[in-house]
Amino acid sequence: MARESIALLKGKVDIARLLDRLNAALSEEWLAFYQYWTAARMVTGAQRVDLKREFEKHAQQEMEHAGALCDRILQLGGIPVLTPQEWFKHARCVYDTPTSFDSEYFLKTILIAEECAMRRYQEIADMTEGKDYITNSLAKKFLTEEAAHEQDMQDFLDDISTMRRLADTK
């Protein structure tokens with residue numbers, strides 16, 4: 001625990017509430033990592049090879065987010081979620097067992113998860129704006145990266161739609 005980090009926040013931020021939000025984000029990052037990891041191994045259909053590579057890259061980034069969140073939770077004197085069972089209790093962004101392995105299915109479900117993650121980081125950024133510069137910077141950085149992930153998923157969906165449209169005109 002970083003005593004001065006906590007002292008600087010006294011009276012500015014409800015640390016218990018912030019730790020709750022950070023643990024929720026941590027839980028969601030672990031679920032996002034697993035969603036990408038699973039998708040990379042199971043994806044079939046259009047752009048499978050490119051998607052496998054993209055999903056693996058995003059899984060690594062989600063794991064990095066989880067590591068940074070864990071570090072910040074510890075700096076603030078908290079205990080990070082320690083079990084997968086806790087992930088499901090804390091997460092607002094859920095992970096459902098895939099019902100299809102088609103590329104469009106994975107892209108659409110991941111797109112929903114990325115949008116949820118963006119809302120979480122916006123919430124943390126708003127909560128810490130002008131009060132906790134470290135957590136705020138982290139939230140804004142992750143919000144930017146999740147927005148890029150969202151755009152990547154949408155671009156793949158748009159490409160598949162274009163390919164389908166072109167195939168239908170032949």
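Figure 1. Trp-87, by contrast, is buried, with a relative accessible area of 18%. The ring centres of Trp-30 and Trp-87 are 5.8 Å apart and the planes meet at 10 degrees, so the pair is stacked. Rings of Phe, Tyr and Trp (its six-membered ring) pair when their centres lie within 6.5 Å; planes under 30 degrees apart are stacked, those over 60 edge-to-face and the rest tilted. Trp-30 belongs to helix α2 and Trp-87 to helix α4 (residues 84-90), 57 residues apart, and the pair thus joins distant parts of the chain. This is a predicted model, in which local features need pLDDT of at least 70 and side-chain atom pairs count only at pLDDT 80 or more, while totals for chains, interfaces and linings use all residues. Residues are numbered from 1 along each chain as its sequence is written, and side-chain values use heavy atoms, with hydrogens and water left out.

**Figure 2. The aromatic cluster that includes Tyr-105 and Phe-106.** Tyr-105 and Phe-106 form an edge-to-face pair, 5.8 Å centre to centre with 70 degrees between the planes. Phe-106 counts as buried, at 2% relative accessibility. One aromatic cluster comprises Tyr-36, Phe-55, Phe-101, Tyr-105 and Phe-106. In the whole structure, nine aromatic pairs are found.

**Figure 3. The largest nonpolar core.** A nonpolar core is a set of buried Ala, Val, Leu, Ile, Met, Phe, Trp, Tyr and Cys residues joined through side-chain atoms within 4.5 Å. The largest has 27 residues, and those with the most contacts inside it include Leu-18, Leu-76 and Ile-124. Helices α1 (3-9), α2 (15-42), α3 (48-75), α5 (103-128) and α6 (133-168) each contribute at least two residues to this core. Helix α2 gives the most, seven residues. A separate core of 16 residues includes Leu-51, Phe-55, Ala-59 and Phe-156.

**Figure 4. Surroundings of Leu-69.** Leaving aside residues up to four places away in sequence, Leu-69 touches Leu-22, Ala-25, Leu-26, Glu-29, Tyr-121, Leu-138 and Phe-142; a contact means heavy atoms within 4.5 Å. Leu-69 is also among the residues with the most contacts inside the largest nonpolar core. Across the chain, residues 24 or more positions apart account for 81% of the contacts with a separation of 6 or more.

Key:
Buried < 20%, exposed > 50% of the residue type's maximum accessible area, 1.4 Å probe, protein only. Helix = DSSP H or I, 4+ residues; strand = E, 2+ residues; numbered from the N terminus.
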